[in-house]
Amino acid sequence: MIVQASLAPGDRLPSERELAETLSISRASVREALRALSFLGIVETRHGGGTFLCEQDRHRYIEILSEFIVTKQTKASDIVDMLRLLERLAFSEVEPTPERVKLLEANLANDREFRQQLILGLGNELFIRIWSEVNRFYDGTDAGELYTIEERTQLLEMWRKVRMPE
């Protein structure tokens, strides 16, 4: 409804009564939804003034969603697998120019820097943001390096052989 009404940050949302009528739901449901949106930082309710749309970074929603997707029950192995999938996808999409190969070689000893340089090579802000969120959860596992130095060397060599321009 926010998108359909083309509301911008700072705009006032319709009253609870209007929202309930428009959405054909109870005012209690509207109130609960507004509380959830307020908790997430999407709207701000001002006592006696109404509810207003907050300023949002477009990619902030990925962070919000990730908090719901990755729960305490999420296994560390699932986070590791997801991160590896994202990074292997990046290897298949990033063109291994001589400059990029040198950059990865320079960071071969540092697992995090090596992986980050690979991801930044995509230049896709949304992908980078998703990777960053999964990587943040990975950092919380205290699992250490995702790839050994041997694995990083192997990945770089395979990438170089498969995609390197002649």
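## Helices H1 and H2

H1 passes H2 in a right-handed crossing. The residues that make this contact are Glu 16, Arg 17, Leu 19 and Ala 20 on the H1 side, and Arg 27, Val 30, Arg 31 and Leu 34 on the H2 side. Sorted by class, the contact of H1 with H2 holds 4 nonpolar and 4 charged residues, with no polar ones.

H1 covers residues 16–23 and H2 covers residues 27–39; their axes come within 9 Å and cross at roughly 110 degrees. H1 is therefore roughly perpendicular to H2, since angles of 65 to 115 degrees are counted that way.

## The model as a whole

The structure is a predicted model. The mean pLDDT of the protein is 85, and 88% of the residues score at least 70. Among the elements, helix H3 (residues 60–69) has the lowest mean pLDDT, 65, while helix H6 (residues 111–120) has the highest, 93.

The secondary structure consists of 8 helices and 2 strands. Along the sequence, the elements follow the pattern α-α-β-β-α-α-α-α-α-α. The protein has 166 residues, of which 29% count as buried. Taking contacts between residues at least 6 apart in sequence, 65% join residues at least 24 apart.

## Helices H4 and H6

Two packed helices are described by the angle between their axes and the distance between the axes. For helix H4 (residues 76–93) and H6, the angle is about 50 degrees and the axes are 9 Å apart. H4 and H6 are therefore oblique to each other. Their crossing is left-handed.

On the H4 side, the residues that meet H6 are Leu 83, Leu 86, Glu 87, Ala 90 and Phe 91. The H6 residues they meet are Phe 114, Arg 115, Leu 118 and Ile 119. This contact of H4 with H6 comprises 7 nonpolar, no polar and 2 charged residues.

Leu 146 sits in the loop between helix H7 (125–139) and helix H8 (149–163). With a relative accessible area of 5%, Leu 146 is buried, because values under 20% count as buried. Beyond its neighbours within four places in sequence, Leu 146 is in contact with Val 80, Leu 83, Arg 84, Glu 87, Asp 111, Arg 115, Tyr 138 and Glu 151. One of these, Leu 83, is 63 residues from Leu 146 along the chain, yet the C-alpha atoms of the two are separated by 8.6 Å. Leu 83 is also among the H4 residues that meet H6.

Asp 111 belongs to helix H6. Its relative accessible area is 4%, so Asp 111 is buried. Leaving out neighbours within four places in sequence, Asp 111 is in contact with Glu 145, Leu 146, Tyr 147 and Arg 152.

## Arg 88

Arg 88 lies in helix H4.

Apart from its neighbours within four places in sequence, Arg 88 is in contact with Tyr 147 and Leu 155.

Technical notes:
Residues are numbered from 1 along each chain as its sequence is written. This is a predicted model: local features need pLDDT of at least 70, side-chain atom pairs count only at pLDDT 80 or more; totals for chains, interfaces and linings use all residues. Side-chain values use heavy atoms; hydrogens and water are left out. Axes are lines fitted to C-alpha atoms, for helices over the stretch in contact, and angles run from 0 to 180 degrees between N-to-C directions. Helices (H or I, at least four residues) and strands (E, at least two) are DSSP runs, numbered from the N terminus. Angles under 35 degrees count as roughly parallel, over 145 as roughly antiparallel, 65 to 115 as roughly perpendicular and the rest as oblique. A crossing is left-handed if the near helix is turned anticlockwise from the far one by less than a right angle, and right-handed if clockwise. Contact means heavy atoms within 4.5 Å. Ala, Val, Leu, Ile, Met, Phe, Trp, Tyr, Cys and Pro count as nonpolar, Asp, Glu, Lys and Arg as charged, and the others, Gly among them, as polar. Buried means under 20% relative accessible area, exposed over 50%, partly exposed in between (1.4 Å probe, protein chains only). pLDDT is the predictor's confidence in each residue, from 0 to 100.
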